[in-house]
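I opened the model and kept notes as I went. The entries follow in the order I looked things up.

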Amino acid sequence: MTEREDSRPEIERFLCRVCDPLEYDDGMSTADTVRQCLNQILEPERLEVSYAGSRPVIGERVAQGQPRVVLEPGDVRERLCRWIKDDKAVELLIVRLVEVQEAEVRAPLLALFGIGSFIEGLLYLVLVERFPELEQDGFPAQNGKRVPAKHAGLELLLNIAHERNLIQLDAKSFMEPIRNFRNYIHLRRQRESDFIPDGDTVTMCWPPVQALLNDLDASATETSGV
């Protein structure tokens, strides 16, 4: 931590890792005990580690509700560059992330669409670079057929990312509501459900996104043997 005192994102990822149930033989029991002790230390910094499913995420303490997760574009760009070789695609993903953050309060429904789009693009790029055969042969679907890579939707991308051990089951599961929010791009569907999102709706979506990013970090580390 001393060596990385100028890199807050790396320290935050380390803090999440020491609270990760996957790091302990008895899982959540010890992980949550560590998390509670760590949060006492972090209190003066107004930071807190919480869980999205069973995945640890770190956020800023707020007056009410869950800690607010803030994704820094610079940190996300650095992480994306470790997983994705296409620099232009990385920049496009960062632009989408920034646009989502700008829309979070004034246009929450558009922000939800943007989060889904960001995750879809991210998983597609990571999967086809890590497993080139998916782009060549298509993605395996549940019906036994193969879906051309350019037609792979978010649900299929999440399933394959989990099957290929890039993301944990809970990260995949907590992305499902975000995937479903995209259905409200159809006005009829939104009218039927009477769904009116606000800034809090978007705020609740960031911890699953961070958990998914942390899982990709972990899978990249395992692949490199670090």
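**Entry 1: Asp20.** I started with a side chain and found that Asp20 reaches the backbone nitrogen of Leu22 at 3.0 Å. I checked the rule for a polar contact: a pair of N or O atoms within 3.5 Å, where within protein one must be able to donate a hydrogen and the other to accept it, and residues adjacent in sequence count only if both atoms are side-chain atoms. I then noted what I was looking at: this is a predicted model, where local features need pLDDT of at least 70 and side-chain atom pairs count only at pLDDT 80 or more, while totals for chains, interfaces and linings use all residues. Residues are numbered from 1 along each chain as its sequence is written, and side-chain values use heavy atoms, with hydrogens and water left out.

I placed Asp20 in the loop between helix H1 (8-18) and helix H2 (28-42). Helices here are DSSP runs of H or I with at least four residues, numbered from the N terminus. Is Asp20 buried or exposed? Its relative accessibility is 9%, so I wrote down buried (under 20% relative accessible area; exposed is over 50%, partly exposed in between, with a 1.4 Å probe and protein chains only). Leaving aside neighbours within four places in sequence, I listed Ala31, Arg55 and Pro56 as the contacts of Asp20 (heavy atoms within 4.5 Å).

**Entry 2: H3 and H5.** I looked up how helix H3 (residues 73-83) packs with helix H5 (residues 108-130): the angle is about 30 degrees and the axes are 10 Å apart. H3 is therefore roughly parallel to H5 (angles under 35 degrees). From H3, Val76, Leu80 and Trp83 meet Phe118, Leu122, Val126 and Glu129 of H5.

**Entry 3: H7.** I counted seven buried residues among the 10 of helix H7 (residues 154-163). Among them are Leu154, Asn159 and Ala161. After H7 comes Asn165, with a positive phi near 65 degrees.

**Entry 4: aromatic rings.** How many aromatic pairs does the structure hold? I found two (ring centres within 6.5 Å; planes under 30 degrees apart count as stacked, over 60 as edge-to-face and the rest as tilted). Phe181 and Phe195 are stacked, because their ring centres are 5.2 Å apart and their planes lie at 15 degrees. Tyr184 and Phe195 have centres 4.4 Å apart and planes at 25 degrees, so I noted this pair as stacked too. Both Tyr184 and Phe195 are buried.

Key
Axes fitted to C-alpha atoms, helices over the stretch in contact; angles between N-to-C directions. Helix = DSSP H or I, 4+ residues; strand = E, 2+ residues; numbered from the N terminus. Parallel < 35°, antiparallel > 145°, perpendicular 65-115°, else oblique. Phe/Tyr/Trp six-rings, centres within 6.5 Å; stacked < 30°, edge-to-face > 60°.
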